[in-house]
Amino acid sequence: MNPYTIFTEIINGQAPSSKVYEDDDVCAFMDIRPVTPGHVLVVPKIPAESLADLDPALGGKLFQVGQRIAAALRASEVAAHGVNFFLADGVMAGQEVFHVHLHVIPRTPGDGFGLRARPTSPKRADLDYLAGSIRGALDR
Ligand code: AMP
């Protein structure tokens, strides 16, 4: 698959964007279809398609920049009362642009944003079983 998406064009200045932050590794800009006012995307400059392709150090940097932007969303005219981070990894997770990005979504009362889910109440044994399976897959 072509590793270059609209985000590479934005990073290279070949497509318009409203930039919030930039350094050697990371760029952050306003989402063109914000789910709440002030919705920002934090993007690595390297066009990693998915989390599996992303250097973990760069993943850490995405989170660090996300933290700073979250603070700015509270302190700026956006006047966020809270902030959600969201990252879609893979089609099944809702990823539409195949260049890893962290959504930083400011929250204000009555903003209408929400995640739909149906939490369940599994038995401890079932939790333990899956925990073991996941532990076994770490560092594999
Ligand atoms: P995702 O579903 O997590 O892949 O989200 C992709 C996000 O990229 C969506 O929220 C889009 O609105 C946003 N997006 C797509 N194209 C642009 C663009 N040119 N500038 C800013 N945001 C964009």
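How many helices and strands are there in the chain? There are three helices and five strands, arranged from the N terminus on as α-β-β-β-α-β-β-α. Helices (H or I, at least four residues) and strands (E, at least two) are DSSP runs, numbered from the N terminus. The model is predicted, so local features need pLDDT of at least 70 and side-chain atom pairs count only at pLDDT 80 or more, while totals for chains, interfaces and linings use all residues. Residues are numbered from 1 along each chain as its sequence is written, and side-chain values use heavy atoms, with hydrogens and water left out.

The C-alpha trace of the chain spans about 50 × 40 × 25 Å along its principal axes. Of the 140 residues in the chain, 31% are buried (buried means under 20% relative accessible area, exposed over 50%, partly exposed in between, with a 1.4 Å probe and protein chains only). Among contacts between residues at least 6 apart in sequence, 52% join residues at least 24 apart, where contact means heavy atoms within 4.5 Å.

Helix α2 covers residues 56–75. The buried residues of α2 are L58, K61, L62, V65, G66, I69, A70 and L73. An α-helix has 3.6 residues a turn, so residues three or four places apart point the same way. The cover over the buried residues of α2 includes β1 (19–22), β2, β3 (40–44), β4 and β5. In the loop between β3 and α2 lies D55, which counts as partly exposed at 46% relative accessibility. D55 and P44 are 11 residues apart in sequence, and their C-alpha atoms are 9.9 Å apart in space.

Two aromatic pairs were found in a search of the whole structure. Rings of Phe, Tyr and Trp (its six-membered ring) pair if their centres lie within 6.5 Å; planes under 30 degrees apart count as stacked, over 60 as edge-to-face and the rest as tilted. F7 and F29 form an edge-to-face pair, with 5.4 Å centre to centre and 70 degrees between the planes. Because F7 lies in helix α1 and F29 in strand β2, this pair ties together parts that are 22 residues apart in sequence. Both F7 and F29 are buried. F63 and F85 also form an edge-to-face pair, at 5.2 Å centre to centre and 80 degrees between the planes. F63 belongs to helix α2 and F85 to strand β4 (residues 82–86), so the pair ties together parts that are 22 residues apart in sequence. F63 is partly exposed at 45% relative accessibility, and F85 is partly exposed with a relative accessible area of 29%.

The largest pocket holds about 700 Å³ of space. On a 1 Å grid over the protein atoms alone, a pocket is an open set of points where a 1.4 Å probe fits, with protein on both sides within 12 Å along at least five of seven lines; lining residues have an atom within 4 Å of a point. Grid points are joined across faces, edges and corners, and a volume is the space filled by probe spheres set on the points. The largest pocket is lined by 26 residues, of which D31, R33, H39, E96 and H103 are the closest to its centre. Elements giving two or more residues to this lining are α1 (6–11), β2 (26–30) and β5 (102–107), and α1 gives the most, with three residues. The lining divides into 16 nonpolar, seven polar and three charged residues; Ala, Val, Leu, Ile, Met, Phe, Trp, Tyr, Cys and Pro count as nonpolar, Asp, Glu, Lys and Arg as charged, and the others, Gly among them, as polar.
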